[in-house]
Amino acid sequence: MTRKKEANPMPATILFVDHRSDKLDLEREVTGPDAVLLNPQKLRFDEIEKSALRTCDAVITSRVPVDAAVIEQLERARIIVRNGVGFDIVDLEACGAAGIAVCNVPDYGTTDVADMAIALMLTFARGTAALDAALRADLKGGWTYAHNVTARRLRGACFGVIGFGRIGTASALRAQAFGSLAELLGMADVVTIHAPLTAETNGMIDAGAVAAMKPGMVLINTARGPICDTGALLEGLRSGQLTAVGLDVLPREPATADDPLVAAWRANEPWIRGRVLLSPHAGFYSPDSFVDLRRKAIETAWHYLRDGKLANCVNAEYLKRPR
């Protein structure tokens, strides 16, 4: 979508919320001297000066939600860029009603997250984390394959992907080396989730879904935590319906001990030992992915402000009268 930009003698102001770096060197390379870049290093909108909210032309946010109350204060903003793939933290409809375009960065970190999903699968298949932990605890007694309680051969196994976008496709292509792809949840030996968080996917993997899975399945989620009911996953592990669960994301982040699955993982009793892997929502991360993310986010905002070129808009259905 391209919208002609009217001449504006004032430099555009771009506000960064919870920016991942204290520097804006990459961003300045994109905009040059023609934009004012504000990086207050705050974790909430109510910590930012009201004048900055009222006068900014664009907002780039990573993790801080943008709700209707925030949108009311963005009197001049034309675009909000969610500095990542998911956009569930932004009220798309309220932004559209206010004439604010919402965009994401869908094409960064694809290889990194796909590699994380496959790494979790391989860790269970070959037991690398469990074997290392056993040796660390007892060098002599741990010198045995018996601690690899999730061992299995992947060649010929069914690999199911929920969410067949960029990352899901990348994961599927990697998995082809181990066997065929599965389209039905009940046929898959390994399922990896790469779907966005929506009303349809929220809580999608619940007790009913676990019951429908092929017994002994390995489940991996590197997408969004609320897609999985961790209580249902725990019961699936107890019953043996699930052999193993690898989660890079959780319903509540950072992880809390009152999540039953997290509590069982921490207790590390023999029945669950080696069958759960948790990671701190880090699947997207690599130094290279950070560079890509920052550059693509600022390019999305700047090209719209400067040229009226709108890319990766996720609220087009609500955006009837853009500012």
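Colleague: Why is Phe284 called buried?

Modeller: Phe284 has 15% relative accessibility, and buried means under 20% relative accessible area, with exposed over 50% and partly exposed in between (1.4 Å probe, protein chains only). Phe284 therefore counts as buried. A word on the source: this is a predicted model, where local features need pLDDT of at least 70 and side-chain atom pairs count only at pLDDT 80 or more, while totals for chains, interfaces and linings use all residues. Residues are numbered from 1 along each chain as its sequence is written, and side-chain values use heavy atoms, leaving out hydrogens and water.

Colleague: What makes Phe290 partly exposed?

Modeller: Phe290 comes out at 24% relative accessibility, so it counts as partly exposed. Tyr285 is also labelled partly exposed, at 43%.

Colleague: How do you know that Phe284 and Phe290 form a tilted pair?

Modeller: Rings of Phe, Tyr and Trp (its six-membered ring) pair if their centres lie within 6.5 Å; planes under 30 degrees apart count as stacked, over 60 as edge-to-face and the rest as tilted. Phe284 and Phe290 are 6.0 Å centre to centre with 40° between the planes, so the pair is tilted.

Colleague: And what makes the pair of Tyr285 and Phe290 edge-to-face?

Modeller: The angle between their planes is 75°, with 5.1 Å centre to centre, so the pair falls in the edge-to-face class. Searching the whole structure gives 2 aromatic pairs, and Phe284, Tyr285 and Phe290 make up one aromatic cluster.

Colleague: Why is Arg294 called buried?

Modeller: Arg294 has 12% relative accessibility, so it counts as buried. Arg294 lies in helix 11 (residues 287-307); helices are DSSP runs (H or I, at least four residues), numbered from the N terminus.

Colleague: Which residues does Arg294 touch, beyond those up to four places away in sequence?

Modeller: Contact means heavy atoms within 4.5 Å. Among the residues that Arg294 touches are His19, Lys23, Asp25 and Glu27.

Technical notes:
Helices (H or I, at least four residues) and strands (E, at least two) are DSSP runs, numbered from the N terminus.
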